[in-house]
Amino acid sequence: MRTAAGKRFTVYGLVFLVAVTLFYSCSASLTDVVVDKKKTVALIVRMKHGDYWRTVKLGAEMAAKEYERNLNFYAPDYEEDAQRQMELVQQAIADGSETIVVAPSDERVLREAIKLTRERAIPILVLDTVGNDSAVKSYIGTDNYDMGRKAFEKMVYLIEKKGQIVLLGTDRIKANAKRREQGVLDLLPREMQVELVANENAPSDKKQIGEWTRELIRKHPQLKGVIALDSSTAIGVAEELESSGLRDKVKIVAIDSPPEVLEYLQEGIISATIIQKPLSMGYLGVKYAVEASNGEAVPSLVDTGTKVIDRENMFWSENQKLLFPFVK
Amino acid sequence: MKRLLTVIKVKGIQFIITTSFTLVTVLVMLFVGVMLYGKFAQTAEQNAYLHTQQILEQVKYNLDSYLNGMTQIFELVDDKIRRSKGLTADKLSEQLETIVETRKDIVSIAVFTREGTLLATTPSKVLRQNTRLTEQSWFQKAIEDPTNMNFSLPHIQNLFKGEYTWVVSMSREILLHGPDGEIPTVLLVDVNFKEIDDLCQRVGLGKKGYVYIIDLVGNIVYHPQQQLIYAGLKNENRSLPLKHSYGSYVEETEDEARLITIKTIDQLGWKIIGVSYMDEIVTTKKEISRFIFWLLIFVIVIVLFVLHYLSAKISRPIKLLERSMEKVEQGDFSESEPIRGSHEVEQLSLRFHLMVAKVRELMHQIIREQEAKRKSELEVLQAQINPHFLYNTLNSVVRMVGNGKNEDVITTITSLSKLFRISLSRGKNIITVREELDHARHYLIIQKMRYKQKFEYEIVVENEDEVLNCLTLKLLLQPIVENAIYHGIEHLADPGRIRIFAAIIDGKVLLQVSDNGLGMSPDVLAQVKAGFYKSEEGSGVGIQNVQERIRLTFGEQYGLEIASEQEEGTVVRVWIPRQVAEERDRL
């Protein structure tokens, strides 16, 4: 009798203990859920440095905060390092990212990324590149063709609709540069008095570009305008024009807004620049990535927009934040 | 279904205890849960409000003190320049240089003419082209309002070569002592905006909440998503903060509710606005409710277990008791083990077992008594028609007839017939004392005849009317008288004497038979009293039989008393209750 009661009591005690343990583990796990279930969005861009990509990252961080995601930022040390970027894509997937947002250096990187994400059914979004692969949830970037058109229109305005101009392309970001070029070339026939005397790729080396510019001006003494389809070419040409005293004779229309371009813009050496909106790109990239991973429909192509900036409007308050995204 | 019902036993103690307590517990827990939830949720909400207020207060305080510090520096610079009457330009710029060096966040100090010409700057840097400084707000405000210091919105300083920096410009007109008297100039102190930016950026309200600052007319001084707003990707509804200077307001849009907390920096009129998201507060509420929900479940489970245990502990002994009662009900009076349990149940079980034991004992006693009664009645039956006595008597009668003693024969036969009549008395056990005495008398008459007048007898009744009508068992006196004759008188040389006396003493009826016979030795007397002694002669109905019949019929306090002395005689007293004949029917 006594032992039976004792046994019964032990059983009840055990049940009680188990219940207490369960309860505590339950409530403990409840708090765990709150702390560490944040999903991760991977952002893979072309280069670690440079205001452009840092601004993309800034925008991405804003979106990540707003949508309560972790943001993992991956970037190679140098631009055009497609091999390294591919490794970073693999790493991002290995890190368990919920979504991949990538600005591919070239087609190979994009194909690799699409292949890897398809295997694991991870949504992929592409920044700063236009394409039409259905595996990509959304292409988010600038309409480079439109940029070219805007650049040409500004140039035409600056040279008052007549005169010789050159178009300087670049070996870097080839696809985007080609689109910009196309934008310029398509509008060219409209302006009968504007003559395109050269359409070349400027050398990427800083030292060579000065020499090359002198040569160009020597060849075309009547040159009134230079459209540079990337900022470093514009800076090189501006430098040469400033030192050779031709600043008032030849107008430069540039692309993007690194500090040097802005300085030349204020000095009046570069007349205008067509800027992109990398912050919007980063923000929308992560925003749509989150929505895509939630299964929501996202636009397959997003144009983040461009803006023509000249000396007149560069210090307007609404442009200041675009041109100078960082408070230093 | 039926089986389930029988298992549960809807009316059982265990079920009642468990369900009622569970119900009460659940109700209480629900009540407590709801109260707790309400209180917690309220507290959480209040805390969130308070927290936001405090954070904003902190931000305001920091900004205030930072801007005050900057104002002081501005005044210092102003003061230095005012007193620089005798100083050379170099000396002045050296002094200003010291100030700039001590405060890293001062980007530049510069003095412009009202036309916008740079007079002096520290640190000395080249002025950029196309600054359009006269169009800039700090310059215009200083010209418009020469007496008050003006803080500009954060903007890019484009005056000097070098990095473009976000600054807040402090400006005011000052009078400079020139060679031609005092010239009004504009003093500009540019403060790096980074300090303020960092200050605001560090502030978080919850996970998503943030702080932004606007000026008097609603221009954004600081906003973490300023670029997104300019890019048109975000919108900040500034109507609430524009309307109010202080306080907390809940702003509801179609997809979210936000808590807007506003504080104003009095000095500048800048408003610090804290935006926290209500759904985060609601999340806290949800967490609380989830916690309370689980707590409720947990407590209910525990209570169920405890109740199950408790109710089993209470009801099990009762069930056992019930079972043992059932056993008794079915006639099994065998002893069973006492039941362990609560004190009350143990007591109940103890009493019950005592009761059962008593019943058992009583039943045994009844059985014993019934047996004894049957036996003694059988003996009485024998005594009623004692063949030996009849034979002896008839022999005596024959002898009398032979001797021609007709009278004696008549007397004997008459007595014999009366004796038998009373003895049989229609099968009744209870007769009146009168009849019993008659019976004894007839018996004595016959015996006297047989023993040839060897003894005398007398029957004395005290208070006749009462005593004679009392009831008694029949054949009480005959065995005693028989003993008196056979054992007391028969072997006596002298003539014997038998006396029967009836009276009421102390509410009892006394029938006493005394003789002057041999008496008994104390040993024999003791044996007779104990009921061991039995004579071989006589009717076979012994003293013991009389004793037993009286006790069985009337109870323990009645019966025989025997006193005897050798050579003196024996006195036998029969005590029976005083019951009057009229009450006979009740017996």
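A polar contact is a pair of N or O atoms within 3.5 Å; within protein, one atom must be able to donate a hydrogen and the other to accept it, and residues adjacent in sequence count only if both atoms are side-chain atoms. By that rule, 15 residue pairs, both at pLDDT 80 or more, are in polar contact across the interface of chain B and chain A.

This is a predicted model, in which local features need pLDDT of at least 70, side-chain atom pairs count only at pLDDT 80 or more, and totals for chains, interfaces and linings use all residues. Residues are numbered from 1 along each chain as its sequence is written, chains are lettered from A and ligands numbered from 1 in the order in which they are written, and side-chain values use heavy atoms, with hydrogens and water left out.

**Chain B as a whole**
- Chain B has 16 helices and 18 strands, where helices (H or I, at least four residues) and strands (E, at least two) are DSSP runs numbered from the N terminus.
- Of its 587 residues, 44% count as buried, meaning under 20% relative accessible area, while exposed is over 50% and partly exposed lies in between (1.4 Å probe, protein chains only).
- Taking the contacts in chain B (heavy atoms within 4.5 Å) between residues at least 6 apart in sequence, 64% join residues at least 24 apart.

**Where chain B meets chain A**
- Chain B brings 46 residues to the contact and chain A brings 42 residues.
- About 4,400 Å² is buried between the two chains, and carbon and sulfur atoms give 60% of that; buried area is the accessible area (1.4 Å probe) that two parts lose on being put together, summed over both.
- On the chain B side, Tyr164(B), Trp166(B) and Gln227(B) lose the most area to chain A, together 17% of what that side buries.
- There are 5 salt bridges between the chains, each a side-chain nitrogen of Lys or Arg within 4 Å of a carboxyl oxygen of Asp or Glu.
- Glu66(A) and Lys234(B) join their side chains in a salt bridge (2.5 Å, N to O).
- Elements giving two or more residues to this side of chain B include strand S5 (165-178) and helix H8 (278-329), and H8(B) supplies the largest share, 13 residues.

**A closer look at Arg83(B)**
- Arg83(B) sits in the loop between helix H2 (13-82) and helix H3 (89-102) of chain B.
- Arg83(B) is exposed, with a relative accessible area of 63%.
- Arg83(B) and His177(B) are 94 residues apart in sequence, yet 9.1 Å apart in space, C-alpha to C-alpha.
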